[in-house]
Amino acid sequence: MTVPILALEGLQKSFGALHVTRNVTLEVRPGEVHALIGPNGAGKTTLISQIAGALTPSQGRVLFAGEDVTALGVPARARRGLSRVFQISHVVGGFTALENVAMAAIAAGDGPFRFWRPALADRALAARGEAMLERVGLSERRHVRASDMSHGERRALELAMSLVQAPKLLLLDEPMAGVGRAEGERLTELLVSLKGNLPMLLVEHDMGTVFRLADRISVLIYGELAVTGDPAAVRADATVRRAYLGEEEAV
Amino acid sequence: MLRAVLPRPALAILLVFVAALGLCHALGFPHGATLIVRTTTLALAAVSLSFLIGQGGLVSFGHAAPLGVGAYAVLIAGEFGITNILAVLALGAGAAAVFSALTGTIALRTRGVYFIMITLAFAQMTFYVAASLADFGGDDGMAIAARSTFFGIKFLKSDTALALLAIVLLALALALFGRLSASRFGLMLRAGKASEAKLAALGLSPYRHRLIALAVAGAVAGVAGVLLANQVEYVSPASMGWHVSGELIVMVVLGGLGSPAGAVVGAVAISLLDETLGHATEHWRLGLGLVIVAVVLLRGRDLKAVLTGGAR
């Protein structure tokens, strides 16, 4: 069997007597889009934070590409290719789109300590940045400051910043939150186009997006993993229907 | 040729100061050279602080400390018979850089107001250390052995020569900070100003960038201190008092945080106010306070923007 890109082993996070995630064991396989859903307060954000390194689990381990990264912080995990996007925006408002992408590329180990040459005079760096902006449909906007962009454009920019770092896994933390319908549609298409090449762990409330993207879905209820399976199985699962999807959301 | 080395603002500032110096010389106004040395020296320190604040978001309220360290380097080296300008500049810049980096390792653990307070605390500690150096004048300070020389040549005898040196060093510092700001290092430094969490998610911790920025800015302030000591031929703890740090911040804010050249404009404005209003009344700082309030209220349209007509 191939090594999963991400494996959570008995992950538990407690704040005093409150167990926000309990004994969560989950795998993201190479190339798959794995969605994590659950009602509000199910512990999704707490779980994602433990994966990204912002929270230290009380128990259990996080394995990234076979390596135990439980003790590592956010920057160290990011450098290994674990890229969290959307919930915490990477975008620097005062920078242009191109500067933002260049910054991300530099942060990914592309010579942050070069002192003399102007960063954007570096043809290779600028070309990489421009190619990535083209990919997310922002090439026309490359010299626009991020603070002057729409919410949806900023999300696309964030994705470009993440992709330029050549991540091994994308942690998509509610990509559709606060995005309008048309922009959400473009963003979903963008994510669909990445599918297959790049494994993703998707946390999302919008069920349309989840069912369109996910190869497998895990459902978190009260901090515990209730079900993991393909979309059809999850849709049919009685516990999930009761606890989460609800009657009005019958998908 | 010159354009290749110096960016346009640095070149413009160089030419304006040299022209002013030439004018003072032609009009037989020797005090002008003295005034230009002081202004350019303070501008040099202000430019380095402007880099820290504008690029790194590091509001140091103790930037007079590396300035004072540079000044004391001249005094102490002189007592040991070292007066060669190259050696003195290297000692002043080096000592100030080491000072800034060492205090930075602790100060950079804090952010915002706490960073302001801790840099102030370090500067005050340095002030009292200097005041306790009985062999070097204690809290009265002490005259330096002699102005710096160039392998025995007393080329800094006149303030005009010193002014020329200060102007060239200021232009070089502007070029240095311009290059640093545009480089990958500068980009990362500015990114760190925005948010720690963002950078962390991109796999970067800005600590080392900030430490390097502190050391470089400290070194340039040290150079300013070397020039200052040469001009007054006297070094005392007063040169690293908190009000000097405050005045440097005022210059930076007055000139605008957008570019290091703004700090030069701020330094010139403060020097001219000091020179004109300062002779009329010792309470001129009250007027300065009002000017600063006005500038802060006009935030976004700082003095440089007003002068160049640029909107921000």
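Let's start with one pair of residues: Leu6(A) has Val28(A), in strand E2 of chain A, as its bridge partner. This is a predicted model, where local features need pLDDT of at least 70 and side-chain atom pairs count only at pLDDT 80 or more, while totals for chains, interfaces and linings use all residues. Residues are numbered from 1 along each chain as its sequence is written, with chains lettered from A and ligands numbered from 1 in the order in which they are written. Helices (H or I, at least four residues) and strands (E, at least two) are DSSP runs, numbered from the N terminus.

- Strand E1 (residues 6-15) and strand E2 (residues 18-28) of chain A run antiparallel, joined by seven bridges; strands count as paired if DSSP finds at least two bridges between them.
- Over in E4(A), Arg61(A) is the bridge partner of Glu9(A).

**The six-stranded sheet of chain A**
- Here the sheet is open and mixed, with its six strands in the order E6-E7-E8-E3-E9-E10.
- Its edges are E6 (82-85) and E10 (224-229), each pairing on one side only.
- From one strand to the next, the twist averages 20 degrees.
- E6(A) pairs with E7 (residues 169-173) of chain A in the parallel sense, over four bridges, and Arg84(A) sits opposite Leu171(A) in E7(A).
- Helix H1 (residues 44-52) of chain A lies across E3, E6, E7, E8 and E9, at about 150 degrees to E7(A); contact means C-beta atoms, placed from the backbone, within 7 Å.

**Two packed helices in chain B**
- H4 (residues 64-79) and H10 (residues 207-232) of chain B pack at about 50 degrees, with axes 6 Å apart; axes are lines fitted to C-alpha atoms over the stretch in contact, and angles run from 0 to 180 degrees between N-to-C directions.
- That makes H4(B) oblique to H10(B) (under 35 degrees is roughly parallel, over 145 roughly antiparallel, 65 to 115 roughly perpendicular, and the rest oblique).

**Where the chains meet**
- The contact takes 25 residues from chain A and 19 residues from chain B.
- On the chain B side, H7 (159-182), H8 (184-194) and H9 (196-201) each supply at least two residues, and H8(B) gives the most, with six residues.

Notes:
Two residues are in contact if their C-beta atoms, placed from the backbone, lie within 7 Å.
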